[in-house]
Amino acid sequence: MSNFNAYDYEFMSRALRLARKGLMTTHPNPRVGCVIVKDNHIVGEGWHKKAGEGHAEVNALLLAGKQAQGATAYVTLEPCCHTGKTPPCTSSLINAGIMRVVAAMQDPNDKVAGQGFNILKSAGIAVEVGLLEEQAQELNPGFIKRMQQGLPFVRVKMAMSVDGRTAMESGESKWITSESARNDVHRWRGQSSAMLTGIGTVLQDNPSLTARTGMQLNEQQPLCVVLDSKLQLSVEAKLVQSSGNVLVYTTSQDMKKINRLEQAGVKVVSIGNDKQGLDLVEVLTHLASLEVNEVMVETGATLAGSFISAGLVDELIIYMAPVLMGNQARGLFNLPFIENMSQKIQLNIKEMRQFGDDIRIIATLT
């Protein structure tokens, strides 16, 4: 392990802040930041803004110009060494005369995975890895999981009352939480590669599932995914009319329904069933093949419970409003397999934060 100094921490922290600027724009690529430093002064910096455009290192080197000669590059992810839509960053760093590279973490992509570091070392560049690695990993949970496991990172978002209810018995649910909390939801949507819901939620609430965040530079709308085994989705649904990028998973072979949806611009994919309904692992595996990094699930208690039961939830985002909705209202998750205390699911609370009068809880399942 290298002995990093206070300057190293300062400049890597800056690189991480730069990387966050790409939270809503880099899909399907990882969010990466880079800072070029000479004599403990920043001479260039940049971040990856959008797939197909310059990587963080290239953008930082452009600003640094000739001052990159003999400088140190702080980068939040191992520089790429393969040619994709852009040339390899290792070549750019070598050609610019960089003498030292400090990276937060190794790239989990098999096309890189340490090879970038080896190329830099072979060129006589000093390479140090692992500075603020945990913070760098938190920037790209979906990219890392997709590279390592072939699955996207799954967040399930729910809103509830203090007594754990998500909707009235009739299905009425607008609005449990405040505008402040709902605005925060849109920020989470904005950084997601895909929004996923069930047909029941579409029929009940007719959501658009778009991200309304003020639209940053290059910001992308997430793919809209509907699980609809019987193809009940209407071409008049808001998400079909507003998204323009809708994917439906179904077991139906009704060509009349399939053709009607496809003529409206909806992509229909047939998949298999498991005991609970549509095969969720097959859904997520297919989404990963489409380079979907992060999936945000906004749905009812049954489908949300199915994701938990299948062990497919990486993170829960729960908004709790200071209201009571009564014992006839609908619950948060349907988890029928839990019959006694020994089967309870323990949560690890990562963060609690207040938005207006509401509390946002971010948790993982242990």
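Y7 is partly exposed, because its relative accessibility comes to 40% (buried is under 20% relative accessible area, exposed is over 50%, and partly exposed is in between, with a 1.4 Å probe and protein chains only). This is a predicted model, where local features need pLDDT of at least 70, side-chain atom pairs count only at pLDDT 80 or more, and totals for chains, interfaces and linings use all residues. Residues are numbered from 1 along each chain as its sequence is written, and side-chain values use heavy atoms, leaving out hydrogens and water.

**Aromatic pairs**

- Searching the whole structure turns up 2 aromatic pairs (rings of Phe, Tyr and Trp, the last by its six-membered ring, pair if their centres lie within 6.5 Å; planes under 30 degrees apart are stacked, over 60 edge-to-face, the rest tilted).
- Y7 and F11 make a stacked pair, with 6.2 Å centre to centre and 15° between the planes.
- These two sit 4 residues apart in helix α1 (residues 6-20), so about one helical turn separates Y7 from F11 (helices are DSSP runs of H or I with at least four residues, strands are runs of E with at least two, and both are numbered from the N terminus).
- F11 counts as buried because its relative accessibility is 3%.
- F11 also pairs with Y74: the ring centres are 5.5 Å apart and the planes are at 50°, so this pair is tilted.
- That pair ties together distant parts of the chain, with F11 in helix α1 and Y74 in strand β3, 63 residues apart.
- Put together, Y7, F11 and Y74 form one aromatic cluster.

**Charges over rings**

- K49 has its charged end over the ring of W47, 5.0 Å from the ring's centre (the test is NZ of Lys or CZ of Arg within 6 Å of the ring centre and within 35 degrees of the ring normal).
- R182 lies over the face of W175, at 4.3 Å from the ring centre.

**Helix α2 and its two faces**

- Helix α2 spans residues 56-64, and its buried residues are A56, E57, A60, L61 and A64.
- They share the same side of α2, because they cover an arc of only 125° around the axis (the arc is taken over the directions from the helix axis to the C-beta atoms).
- What do the buried residues of α2 pack against? Their partners are β1 (33-38), β2 (41-47), β3 (72-75) and α3 (89-95), with contact meaning heavy atoms within 4.5 Å.
- L62 and L63 are exposed, on the face of α2 turned away from its buried side.
- Just after α2 comes G65, which takes a positive phi of about 60°.
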